[in-house]
Amino acid sequence: MDVTTIGFTKTTAENFFRRLKSAGVKRVIDVRLHNTSQLAGFAKADDLPFFLSELCGADYVHEPLLAPTEEIMTTFKKQKGDWNVFRESFLGLMADRKIESQFKAEAFDGSCLLCSEDKPHQCHRSLVVDYLNSKWGGRLAVRHL
């Protein structure tokens, strides 16, 4: 099953929506804890579903269950970005939440995980797909837009 990921910072609305449309994304799964970001107006919860539907023909769903807690994010920021501490904390949280049993792999097919980080290598959206793939036997073919 094909799943993509995308971040919305350091890009324009035009570039963001063109990447989603070109990738054939059918649904955006917002994995931010808070989806009212001021970082990019086009990514705010009140507007994003409209833009996705009109510009890409895609649906929108907010899934805070796939986001780190406020405490994990605060600790990460206070430790000035210690990725390994963040990674272990968030992987533990996903295991505690048993997210692999909260979702069906098929729900991710044609979907794109959305977060704010412009690059996926140190972003929790990558940890989400890696974690799910470890539980679902690598069923998700992941591409970062």
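Let me start with the helix pair. From H4, the residues Trp83, Phe86, Arg87, Phe90, Leu91, Met94 and Ala95 touch His124, Leu127, Val128 and Tyr131 of H6, where contact means heavy atoms within 4.5 Å. Sorted by type, the residues of this contact are nine nonpolar, one polar and one charged; Ala, Val, Leu, Ile, Met, Phe, Trp, Tyr, Cys and Pro count as nonpolar, Asp, Glu, Lys and Arg as charged, and the others, Gly among them, as polar.

This is a predicted model: local features need pLDDT of at least 70, side-chain atom pairs count only at pLDDT 80 or more, and totals for chains, interfaces and linings use all residues. Residues are numbered from 1 along each chain as its sequence is written, and side-chain values use heavy atoms, with hydrogens and water left out.

How are H4 and H6 oriented to each other? The axes of H4, residues 83-97, and H6 are 10 Å apart, at an angle of about 45°. H4 and H6 are therefore oblique, since angles under 35 degrees count as roughly parallel, over 145 as roughly antiparallel, 65 to 115 as roughly perpendicular and the rest as oblique.

Now the lysines. Lys119 sits in the loop between strand E4 (111-115) and helix H6 (124-135); helices are DSSP runs of H or I with at least four residues, strands runs of E with at least two, numbered from the N terminus. Lys119 is partly exposed, at 47% relative accessibility. Buried means under 20% relative accessible area, exposed over 50%, and partly exposed in between, with a 1.4 Å probe and protein chains only.

Lys10, in the loop between strand E1 (2-7) and helix H1 (13-22), is exposed at 77%.

Terms used:
Axes are lines fitted to C-alpha atoms, for helices over the stretch in contact, and angles run from 0 to 180 degrees between N-to-C directions.
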